[in-house]
Amino acid sequence: MKRLVIKVGTAVLTDNERRLDAEYVAGLCGQIVDARKQGWQAVLVSSGAIGAGAARLKMRRRPQLIPEKQAAAAVGQGLLQQLYTDSLDALGAAAAQVLLTREDFTDRVRYLNARNTLQTLLRFGAVPIINENDTVSVDEIRFGDNDTLAALVGTIVDAHLVVLLTDVEGLCREKPRAGRAPEVIAEVNCITPEIEAIAAGGCSERGGTGGMASKIAAARVAMAAGIDVVIAPGRRPGVIGEILAGGKVGTRFVPDGSHLRSRKRWIAFAVPPRGTIVVNRPAADVLLTHNRSLLPVGIVGVEGEFGTGDLVDVNDDTGRHVARGFVNYGSGDVRKIMGRKTSEIKDILGYKEFDEVIHRDNLVAGV
């Protein structure tokens, strides 16, 4: 069976009073069950816990302070999951709650455990309902968004398609105006600076943490893994079935056919970098075009502090991002050996565990 990840935002899930829309949720679950009948295994990444909890607690405005958000999430997540459970039960399907944090992606063992759990749930016919664990995850509340989470989940379960349901028609060339329908970009094959600029000028979802820019960032992650992404209007009747049937709805992001293998996906997107290594232009070209390791001779600078085994970004001396990988030497040692030949490492450091600062097996270039 093919695998589908659906992300639904707070703006789509709730009514004008910030309450969960039970009728909409029931219809969404019906679309998921219909997709299963067409040969798709579905995972749902759902926002809405903080908004639902804030409404139940009768907060006058969306919570701003971290403890308020955590409290709202603690109340709202149960309400959200119960609504999905009841709706799917009525359709003969089982709902499974999965709450994830950033650490579940950055730690390799936890990443693999999450992967195994999700794939097993799909094998048994359950519908995983995924959300960030906002009750305990301060960083996720401040900086996270479920668009990125949906893309990362797509890489974990080897999805064929990620659908981001939102309250706009897709990626539009300009903001919607009264009496004028916006021009929706039907297909994107490469995320260029122009596409990023268009997304930056878009509208954020009502009540959500993301916006069009976060959806473009999520599309970049999924496309690197060879996964199609569609940004589509979540309130459009039968929108999921229309997308699966190849209908022209929303904006579809189509990868070029190449894709990263599972471990390379984890290196590229799941782990936050601890610092930056700056390389000269010849070294950058070798990394980008020849799948080579990073040697000290091509390094011209080090930014930040990191230890052996940490993930770092690799940029060229113009600031262009080149690669990302796990280092064999800490920042202090890299500063000592940068620009020098491999044969000089032992004389400089007094030891030499590796010839490479980053081995090609632990490096992902071009993402």
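Which residues does Val153 touch, not counting residues up to four places away in sequence?

Modeller: Happy to. A word on the ground rules: this is a predicted model, in which local features need pLDDT of at least 70 and side-chain atom pairs count only at pLDDT 80 or more, while totals for chains, interfaces and linings use all residues. Residues are numbered from 1 along each chain as its sequence is written, and side-chain values use heavy atoms, with hydrogens and water left out.

Now to your residue. Apart from residues up to four places away in sequence, Val153 touches Val5, Val43, Val45, Leu100, Phe105, Leu118 and Ile130; contact here means heavy atoms within 4.5 Å. Val153 also stands out in the largest nonpolar core, which has 52 residues: along with Val5, Phe105, Ile130, Leu171 and Phe253, Val153 touches the most other members. Such a core is a set of buried Ala, Val, Leu, Ile, Met, Phe, Trp, Tyr and Cys residues joined through side-chain atoms within 4.5 Å. Buried means under 20% relative accessible area, exposed over 50%, and partly exposed in between, with a 1.4 Å probe and protein chains only. H10 supplies the largest share of this core, eight residues. A second, separate core has 35 residues, among them Ile32, Ala35, Ala49 and Ala232.

Helices (H or I, at least four residues) and strands (E, at least two) are DSSP runs, numbered from the N terminus. Two packed helices are described by the angle between their axes and the distance between the axes. Helix H6 (residues 108-123) packs with helix H8 (residues 146-156) at an angle of about 75°, and their axes are 9 Å apart. The axes are lines fitted to C-alpha atoms, for helices over the stretch in contact, with angles from 0 to 180 degrees between N-to-C directions. That makes H6 roughly perpendicular to H8, since angles under 35 degrees count as roughly parallel, over 145 as roughly antiparallel, 65 to 115 as roughly perpendicular and the rest as oblique. From H6, Tyr111, Ala114, Arg115, Leu118 and Gln119 meet Val153, Thr155 and Ile156 in H8. The residues of this contact divide into five nonpolar, two polar and one charged; Ala, Val, Leu, Ile, Met, Phe, Trp, Tyr, Cys and Pro count as nonpolar, Asp, Glu, Lys and Arg as charged, and the others, Gly among them, as polar.

Follow the chain on from H8 and you come to Asp158, in the loop between H8 and strand E5 (161-166). Phi of Asp158 is near 55°, a positive value in a residue other than glycine, and Asp158 counts as partly exposed at 30% relative accessibility. Lys58 has a positive phi too, near 60°, and lies in the loop between helix H3 (49-56) and H4. Lys58 is exposed, with a relative accessible area of 72%.

Leaving aside its neighbours within four places in sequence, Gln77 is in contact with Ala49, Gln97, Leu99 and Asn131.
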